[in-house]
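Hi there,

Here is the structure I promised to send over. Have a look, and my notes follow below.

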Amino acid sequence: MKAAPRASGSRPTIYRPLPRRFFARNTVQVARALLGQFLVHETRLGRVVGRIVETEAYRGPLDPASHAYRRTARSEVMYGEPGVAYIYFSYGMHYCMNVVTEGRGRAGAVLLRAVEVVERADSAGSGQHGRAGPRAGSIPSRLAAGPGRVTAAMRVGPAHNGADLTRPPLYLARGDRPAGRIVTGPRVGISLAQTRPWRFGIAGHPSLSRPFRAPL
DNA sequence: ATCTAGATCGGCT
DNA sequence: GCCGATCTAGATG
């Protein structure tokens, strides 16, 4: 028999890390392929799991919107081993998380712009309140709808810069194919290379950071 | 040493 | 829809 379907379909009871070779290829391909996969963080307080619903590809010296447009101390991690995290501090208040792509010596990373949080340690019952509140068992769909919210919800911070994302405690894991169609559009918040349609999302998903422009 | 734009978000005119 | 908060990497003097 089948379990009752959730908004994003069923999810595994165990999470299988994606192998490093998954990330060692064209950045735009990886950005697409990450939709529907899981980001898992096993913290001391418990496990947090998000399903990736929106990404953006950032490339190397030919992509002026990318931090790796120039090779500097900050962008060095984007030139290194695929499958590790690139974390940067944004607008004086948020951290953003990327997954490094391409082979060593080639720059590339995928920004995780939105995930649907499907599991978090403190959402599982333990009613401290006499009656069940509105939060019992439910997780707001917009909790991680935006790159700064992804890191906050997933408990990811600057200490994770350079972390290996192919094994616990913080890793990407195999998920289902996205339920909806994949939509594309220009990357958000950049001024250069706006013609590059390197933002990807699951069409109509409630956890998207913001809508995609409708197709022609 | 100083300047500036920035892969954002939440609140409110 | 617009604005302010709050900070830094990288460029320039």
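A term first: a residue is called buried under 20% relative accessible area, exposed over 50%, and partly exposed in between (1.4 Å probe, protein chains only). At 22% relative accessibility, aspartate 164 therefore counts as partly exposed.

Please note that this is a predicted model, where local features need pLDDT of at least 70, side-chain atom pairs count only at pLDDT 80 or more, and totals for chains, interfaces and linings use all residues. Residues are numbered from 1 along each chain as its sequence is written, chains are lettered from A and ligands numbered from 1 in the order in which they are written, and side-chain values use heavy atoms, with hydrogens and water left out.

Now the salt bridges (a side-chain nitrogen of Lys or Arg within 4 Å of a carboxyl oxygen of Asp or Glu). The count comes to 10. In one of them, glutamate 54 pairs with arginine 199, with the closest N and O atoms 2.9 Å apart. Glutamate 54 sits in strand E2 (residues 46-58) and arginine 199 in strand E9 (residues 199-202), so this pair ties together parts 145 residues apart in sequence. Strands here are DSSP runs of at least two residues, numbered from the N terminus. Both partners, glutamate 54 and arginine 199, are buried.

Aspartate 164 also has a salt bridge, to arginine 167 (3.3 Å, N to O). Through shared partners, salt bridges join Arg20, Glu81, Arg104, Asp164 and Arg167 into one network.

Finally, the DNA: a polar side-chain atom of arginine 70 lies 2.4 Å from a phosphate oxygen of DNA strand C.

Best wishes

How values were computed. A polar contact is a pair of N or O atoms within 3.5 Å; within protein, one must be able to donate a hydrogen and the other to accept it, and residues adjacent in sequence count only if both atoms are side-chain atoms. Helices (H or I, at least four residues) and strands (E, at least two) are DSSP runs, numbered from the N terminus.
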